[in-house]
Amino acid sequence: MTDVIVVGAGLAGLVCAHDLVQAGVECAVLEASDGVGGRVRTDVVDGFQLDRGFQILLTAYPEIQRRLDLEALDLRQFSPGAVVRTTKGNYTVGDPLRRPSQILPTLAAPIGSLADKVRLARLVLSVRTTSAADLLRAPDGTTLARLQGLGFSPQMIDSFWRPLFAGIQLDPDLEVSRRRFDVILKMLAVGSTAVPAAGMGAVPAQLAAALPDGTVRLQTRVESVEGTAVRLASGEVLTARAVVVATEGPEAHRLLGSQVEDPGSRATACCWFAATAPPLAGTALALDGTGSGPVRNLAVMSEVAPSYAPAGRTLVAAAIPGPDALRPDLLPQVVEQLSWWFDSATADWQHLRTDVIPHGQPRQAPPFDPQRRVVLGEGRFVCGDHRDTASLQGAMFSGERTARAVRLHLTG
């Protein structure tokens, strides 16, 4: 018997447990896998640090600022803007507000019209100066409808917006809520895009380190939740005054049935390659603006964070968001696309691993409610990115909201 059982040691579960422990509530966190973090994990393969799928940390998120020791994470930043691959070559679309030297290259890039560049600047300025709360209260619709309504040309949408937000929202069709699009664009505009020097897995590791020893039980799969009793796959039954299911959406639906609907899944994949030299110089994210294959985003991770690769080696991450991630012939298609992108300079690349993640994010199509209920009644609660925005911010804030609700339940 304990005060609270938290099922799942992802970011939502770790934050929820931390806040409860800080309030003097005894917690047990049960995690089915061999480590904390849920979908935010990092493995070392042949000396390379491979996150489980291409992931980034947006430093402007309030929960990131409040809860993490960013100095200890030793963040390594991507350059603002992106390098866009076109049929004519690679071109920079920069952030003139932070890097004025990128104004002329951005205007000269054959990516959309001059009017598109003006619209881009106006949109970025608009979201920068509007609060996130107001953006989440705006009339909703799809991301595509939002961009079309602002007058962006089909070329600008297909060559820039589609590959950029395919990677962030796992949404090549731009069907995700415009509310979420606006908030993410604001975070990109006012903060940095980065990764910890030790990989994205350093984020949940830091959160877990703040919990008392023995709070998290790894390799402890929960078979069912019955009232405030939890039955493990081993047959053991644990009881508590409250149970928090802090898993990804489909698993929460399995455990809680009709009380939590399956939010749907957006798939993603990442092919990791070792190379002898960087195929692109610099630390900007690269976008395929041609739609020539399944890869939408590419990052030379060892340029951004040298710690991701052994000395003298290069680590390349090729991100495949959306339905293409589940293709059985994914790797040959990726290799063919990258050979074209880099003029066959990929011949000596070594394939390290392909991560295929059927549930990378919940769907979150419009109408989007940024704060879904976490209180289920009779001592049961639920948290995760499917209750808020599908992001590190959403997962952590969901854990915080749920901890407050659990404390009210225990003291009521």
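Biologist: Which residues does A240 touch, not counting residues up to four places away in sequence?

Modeller: Contact means heavy atoms within 4.5 Å. On that reading, A240 touches M1, T2, D3, V4, I5 and T228, leaving out residues up to four places away in sequence. Bear in mind that this is a predicted model, where local features need pLDDT of at least 70 and side-chain atom pairs count only at pLDDT 80 or more, while totals for chains, interfaces and linings use all residues. Residues are numbered from 1 along each chain as its sequence is written, and side-chain values use heavy atoms, with hydrogens and water left out.

Biologist: Where is A240 found, and is A240 buried or exposed?

Modeller: Helices (H or I, at least four residues) and strands (E, at least two) are DSSP runs, numbered from the N terminus. A240 sits in strand β13, residues 237-245. Buried means under 20% relative accessible area, exposed over 50%, and partly exposed in between (1.4 Å probe, protein chains only). A240 has a relative accessible area of 4%, so A240 is buried. For a sense of distance, A240 and A277 are 37 residues apart along the chain, and their C-alpha atoms are separated by 55 Å.

Biologist: And what about V21: which residues does V21 touch?

Modeller: V21 belongs to helix α1 and touches C27, L211 and P212, again not counting residues up to four places away in sequence. V21 and A210 are 189 residues apart in sequence, yet 9.8 Å apart in space, C-alpha to C-alpha. With a relative accessible area of 21%, V21 is partly exposed.

Biologist: Is Q337 buried or exposed?

Modeller: Q337 is buried, because its relative accessible area is 3%. Look for Q337 in helix α13, residues 330-341. Its contacts are D288, S292, G293, P294 and V295, not counting residues up to four places away in sequence.

Biologist: Which residues are buried in helix α10?

Modeller: In α10 (residues 202-209), A202, V203, P204, L207 and A208 are buried.

Biologist: How many cavities of 30 Å³ or more does the structure hold?

Modeller: On a 1 Å grid over the protein atoms alone, a cavity is a set of points where a 1.4 Å probe fits but cannot get out, and a pocket is an open set with protein on both sides within 12 Å along at least five of seven lines; lining residues have an atom within 4 Å of a point. Here there are three such cavities.

Biologist: Which residues lie nearest the centre of the second largest pocket?

Modeller: A132, L136, T389, Q393 and F397 do, out of 15 lining residues. The second largest pocket has a volume of about 250 Å³. Helices α6 (132-136), α9 (178-190) and α14 (392-411) each supply at least two residues of its lining.

Notes. Grid points are joined across faces, edges and corners, and a volume is the space filled by probe spheres set on the points.
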